[in-house]
Amino acid sequence: GRHFNTDNTTGMLENAVDHGKVLGNNYCIVNGLTFDNKGNLWILNSQTKNRSILEYTQNNEWKDHNSKNLYHEDHTLSQMRCAMIDSRGLLWFVNDHWNTPALICYNIENDEVNVYKNFVSQDGTTYTVYYVHCVTEDLEGNIWIGTNQGPFYVEKDQIGQSSITFNQR
């Protein structure tokens with residue numbers, strides 16, 4: 001098997017930052033990995049200065065897909081995890097941290113990131129969400145999200161919009 005860290009990824013994987021100080025190799029935070037249908041590996045690199053989403057291609061090339069939308073204060077989101085590619089080819093993941101709880105959708109084709117932090121249900125109720133634990137897709141193409149406020153789902157016809165409704169069942 002292959003082993004990647006900050007020393008052998010040509011400056012791609014980064015160590016975490018704590019109060020502006022870059023931590024050592026024991027703190028390279030990767031809590032999300034998934035493959036797309038072309039065999040490329042997508043990597044979520046949390047709490048760094050310059051990296052958030054990385055791609056390791058089938059051709060052994062590293063690509064940076066960093067987005068300023070994925071920052072909290074001076075570093076990338078702290079707990080990006082639960083990466084998955086849906087049936088449309090979109091990369092979904094969550095930030096499971098109290099400082100910026102969010103659902104994130106990255107459109108690989110057009111390099112666009114949507115970060116959803118406001119959890120408003122179909123009846124207009126705003127929920128205070130502290131943790132977004134997981135995300136998955138059902139057989140109908142809807143996206144389900146597990147939070148400390150219970151499960152929500154986003155109907156497939158809202159996917160890709162800048163503002164979405166977090167439906168409750």
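1. Val113 belongs to strand E12, residues 112-116; strands (E, at least two residues) and helices (H or I, at least four) are DSSP runs, numbered from the N terminus. Val113 counts as buried, at 11% relative accessibility. Here buried means under 20% relative accessible area, exposed over 50%, and partly exposed in between, with a 1.4 Å probe and protein chains only. Beyond its neighbours within four places in sequence, Val113 is in contact (heavy atoms within 4.5 Å) with Ser67, Asn69, Leu70, Ile104, Cys105 and Tyr106. Tyr130 is 17 residues from Val113 along the chain, and their C-alpha atoms are separated by 21 Å.

2. The basis of these values should be kept in mind. This is a predicted model, in which local features need pLDDT of at least 70 and side-chain atom pairs count only at pLDDT 80 or more, while totals for chains, interfaces and linings use all residues. Residues are numbered from 1 along each chain as its sequence is written, and side-chain values use heavy atoms, with hydrogens and water left out.

3. A nonpolar core is a set of buried Ala, Val, Leu, Ile, Met, Phe, Trp, Tyr and Cys residues joined through side-chain atoms within 4.5 Å. The largest such core has 18 residues, of which Trp92, Leu103, Val135, Ile143, Ile145, Val154 and Phe166 touch the most other members. Two or more residues come from each of strands E10 (91-95), E11 (102-107), E15 (132-137), E16 (143-147) and E17 (150-154). Another core, of 13 residues, lies apart from it and includes Leu70, Leu77, Ala83 and Phe93.

4. Not counting residues up to four places away in sequence, its contacts include Leu103, Tyr116, Phe119, Ile145, Phe152 and Val154.

5. Strands E15, E16 and E17 form an open sheet in that order, with antiparallel pairing; two strands pair if DSSP finds at least two bridges between them. E15 and E17 are the edge strands, each pairing on one side only. E16 and E17 are joined by five bridges, and Thr147 stands opposite Gly150 in E17.

6. Which cysteine sulfur is closest to that of Cys28? It is that of Cys82, at 19 Å, which is too far for a bond. Cys28 is partly exposed, at 24% relative accessible area. Cys105 is in no disulfide, the nearest cysteine sulfur, in Cys82, being 14 Å away; Cys105 is buried, at 3%. With a disulfide defined as a pair of cysteine sulfur atoms within 2.5 Å, the count comes to zero.
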